Amino acid sequence: MNKAIFQILFCTVLIVSCKETNSKRTEQKTKKTQSESHAFRMPEFKPFIIEFDWYNSTGEERIFRLTNDSLFVYNPKKSSEPVFKTDKLPADSIKKIEKINIYELKTDYTSPGIRDGVQIRLNFTKQENTRKIQLRNYYQKELSPIIEMINEIVPTDHKFWYDKEWLMKYTPKE
């Protein structure tokens, strides 16, 4: 019986010893992997896609597709191909756009008393979440950097009317 107890104890000690060794190896691999990951870090990447229609009471319309690295402009009345495209976007503007918290925005911004004028329908996708936002003759401070950047980049015939001072006059104070 002593021999059987000895064998059971021996096997138990052997199993526990093996588990501790495996545990230490795993811990060492984890530490090594963590230290390697500290040495090389991927750059922070916050992708977004903003697609919006801009149209006014005269029937002008443009469709814009903006990502963190490119801009495409379409004129749906003329062609399904982009009428303008670029991958030269100002980094400071992109950083401002990346900081926009789409969850804090309302889905509709309308200046009361103005029926026609500037209408913007925005689909803002960030980290796989999409927020649909409408701007109707309204100056929205958080979204303004998007519109201003686009108007700085595109040629004159693709710019759209977005007069900040005029819109602010008719935008209700919040």
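Me: Happy to have you along! How many bridges join strand β5 to strand β7?
Reply: Keep in mind that this is a predicted model. Strand β5 covers residues 108-110 and strand β7 covers residues 129-136, and the two run parallel. Within this pairing, Thr110 has Arg136 as its bridge partner in β7. The number of bridges joining β5 to β7 is three.

Me: And β6 with β7: do these strands run parallel or antiparallel?
Reply: Strand β6 spans residues 119-126, and eight bridges join this strand to β7. One of the residues to look at is Asn123, whose bridge partner in β7 is Lys132. The direction of β6 and β7 is antiparallel.

Me: Which residue takes a positive phi in the hairpin of β6 and β7?
Reply: Look at the turn of this hairpin, where two residues lie between the strands. A positive phi near 50° is found there, and the residue that takes it is Gln127.

Me: What share of the residues counts as buried?
Reply: Here a residue is buried if its relative accessible area is under 20%. The protein has 174 residues and exposes about 12,300 Å², with carbon and sulfur atoms supplying 54% of that area. The share of residues that count as buried is 32%.

Conventions: Residues numbered from 1 in each chain as written. Predicted model: local features only at pLDDT ≥ 70, side-chain atom pairs only at ≥ 80, totals over all residues. Heavy atoms only, no water. Pairing = 2+ DSSP bridges. Helix = DSSP H or I, 4+ residues; strand = E, 2+ residues; numbered from the N terminus. Buried < 20%, exposed > 50% of the residue type's maximum accessible area, 1.4 Å probe, protein only. Areas by Shrake-Rupley, 256 points an atom, 1.4 Å probe, with all protein chains shown as cover.
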